[in-house]
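Open the model in your viewer and keep the sequence panel beside it. The stops below are meant to be selected in order.

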Amino acid sequence: APQFHARLVVELMSTTTSMTPHAARLTTRARPSSSRIASPSPSTPKTSAKTTMCALDKRRHRSRGTFAVSSASSSSGAIGDVAGNPYEQTSSAANERQALFNDIAPVYDRLNDQLSLGLHRAWKRCAVKWCGATIGARALDVCCGSGDVAIKLSDAVGATGAVVGLDFAANQLKYAGEKEASRRVELGEYAESRMAPIEWIEGDALALPFEDDSFDCATIAYGLRNVSDIPLALRELRRVVCPGAKVAVLDFNNPTDATTASVQGFVLDNIVVPFADLNGVAAEYRYLRPSIERFPRGQEQVDLARDAGFSQAEFYELQPGGLMGCLVATK
């Protein structure tokens, strides 16, 4: 079964990639910087033979619209057995999602590896690179989950930097701390010279417990889609980063292309959910498709970032097939 699963996913992704010949599309909407806003860092995302998952195509999205939360029923069917009320952006739905992520914590990493064939690591490296994490920086990872991105940030900013990982699910933070400890044991005597200290904080993405201009860069991976107030979350991220700093928002892409959307829906319904069911968390993973369907698309994310006060925002679709996306916003 795992071999069939892997082969089918590769075939589907290869089909999607062939239908979408370029690795990504770029959407940008920027204003001239005012005298009160520091100039953005020159380190913009670049293509590289070694980073094909981050490769870009500079065609602009034509769609321009405003984001509205959908209350319609999912194309994937009834949502009665879906955890977390994915079509609701309310505090009660957020509480259910908090319980959801606490519940799946024990199997979260293993399922991510198996269901993405390990590609999630490459997508997360893109986010770390594009947020502008450099040696000595103070970095923030919001909705840090089990700590993958925060640990990558720790490597990127080095021993002279500092990292904070924040999440609302205590169980995820427990596993994040254990993963950090394992990483330090793996590095042995080199850990202290290569990794920044990481502080794990249980907190709310809508009320970040930090002063203004506290961080040199920030990330949020697979988290913005789950908050109850996306505009507020973006404003909070902008508030806590320094002028000129970048925020990278990595998540599933809500594709405008009908073929990509169909393939994504097929994979989620026929591979992801059945595989999650084998691990006893099917209801939690049925949440994925409807939550993606109500998530703002690329241009909508750009508009939301600009409305939140960022001076520049760009959205990138990631390989394979544009199934993932990354918003990069500059304060």
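**Before selecting anything**

This is a predicted model, in which local features need pLDDT of at least 70 and side-chain atom pairs count only at pLDDT 80 or more, while totals for chains, interfaces and linings use all residues. Residues are numbered from 1 along each chain as its sequence is written, and side-chain values use heavy atoms, with hydrogens and water left out.

**Stop 1: the whole chain**

Show the chain as a cartoon. It has 11 helices and eight strands; these are DSSP runs numbered from the N terminus, with helices being H or I of at least four residues and strands E of at least two. Of the 331 residues, 55% are buried. Buried means under 20% relative accessible area, exposed means over 50%, and partly exposed lies in between (1.4 Å probe, protein chains only).

Switch to a surface. The accessible surface is about 14,400 Å², and carbon and sulfur atoms hold 52% of that; the areas come from the Shrake-Rupley method with a 1.4 Å probe, and for residues only the protein chains shown count as cover. Among contacts (heavy atoms within 4.5 Å) with a separation of 6 or more, 77% are between residues 24 or more positions apart.

**Stop 2: helix α3**

Select residues 119-130, which form helix α3. Its 12 residues should span 16 Å at 1.5 Å a residue, and the end C-alpha atoms are 17 Å apart, which agrees. The expected span is 1.5 Å times one less than the number of residues. Nine of the 12 residues are buried, so α3 is largely enclosed by the rest of the structure. Color the buried ones, including His120, Trp123, Lys124 and Trp130. Just after the helix, Gly132 has a positive phi of about 80 degrees.

**Stop 3: the nonpolar cores**

In soluble globular proteins, nonpolar side chains tend to be buried together. A nonpolar core here is a set of buried Ala, Val, Leu, Ile, Met, Phe, Trp, Tyr and Cys residues joined through side-chain atoms within 4.5 Å.

Select Leu153, Val163, Leu250, Tyr285 and Leu318: these have the most contacts inside the largest core, which has 44 residues. Helix α8 (residues 258-278) gives the most to this core, with seven residues. A second, separate core has 34 residues, among them Cys143, Val164, Ala233 and Val247.

Now center on Leu250. Which residues does Leu250 touch, not counting residues up to four places away in sequence? Its partners include Trp123, Lys124 and Ala127 as well as Ile220, Tyr222 and Leu318. Trp123, Lys124 and Ala127 are buried residues of α3.

**Stop 4: salt bridges**

Side chains of opposite charge can pair when their charged atoms come close. The structure holds 12 salt bridges, each a side-chain nitrogen of Lys or Arg within 4 Å of a carboxyl oxygen of Asp or Glu.

- Select Arg184 and Glu180, which meet at 3.0 Å, N to O. They are four residues apart in helix α5 (residues 170-187), about one helical turn. Arg184 is buried at 19% relative accessible area, and Glu180 is buried at 11%.
- Select Arg239 and Asp212, which meet at 2.9 Å, N to O. Arg239 lies in helix α7 (residues 230-240) and Asp212 in the loop between β4 (198-202) and β5 (215-221), so the pair ties together parts 27 residues apart in sequence. Arg239 is partly exposed at 21%, as is Asp212 at 47%.
- Select Lys331 and Asp213, which meet at 2.6 Å, N to O. Lys331 is in the segment after β8 (324-330) and Asp213 in the loop between β4 and β5, 118 residues apart. Lys331 is buried at 8%, whereas Asp213 is partly exposed at 38%.
- Select Lys124, Asp148 and Lys179, which are linked in a network of salt bridges.

**Stop 5: backbone details**

Stay on Asp213. What is its phi? The value for Asp213 is near 55 degrees, positive in a residue other than glycine.

Move to Tyr222, in the loop between β5 and α7. Tyr222 also has a positive phi, about 55 degrees, although it is not a glycine. Tyr222 is buried at 13% relative accessible area and is one of the residues that Leu250 touches.

Finish at Pro320, in the loop between β7 (312-318) and β8. The peptide bond from Gln319 to Pro320 is cis, with omega near -5 degrees.
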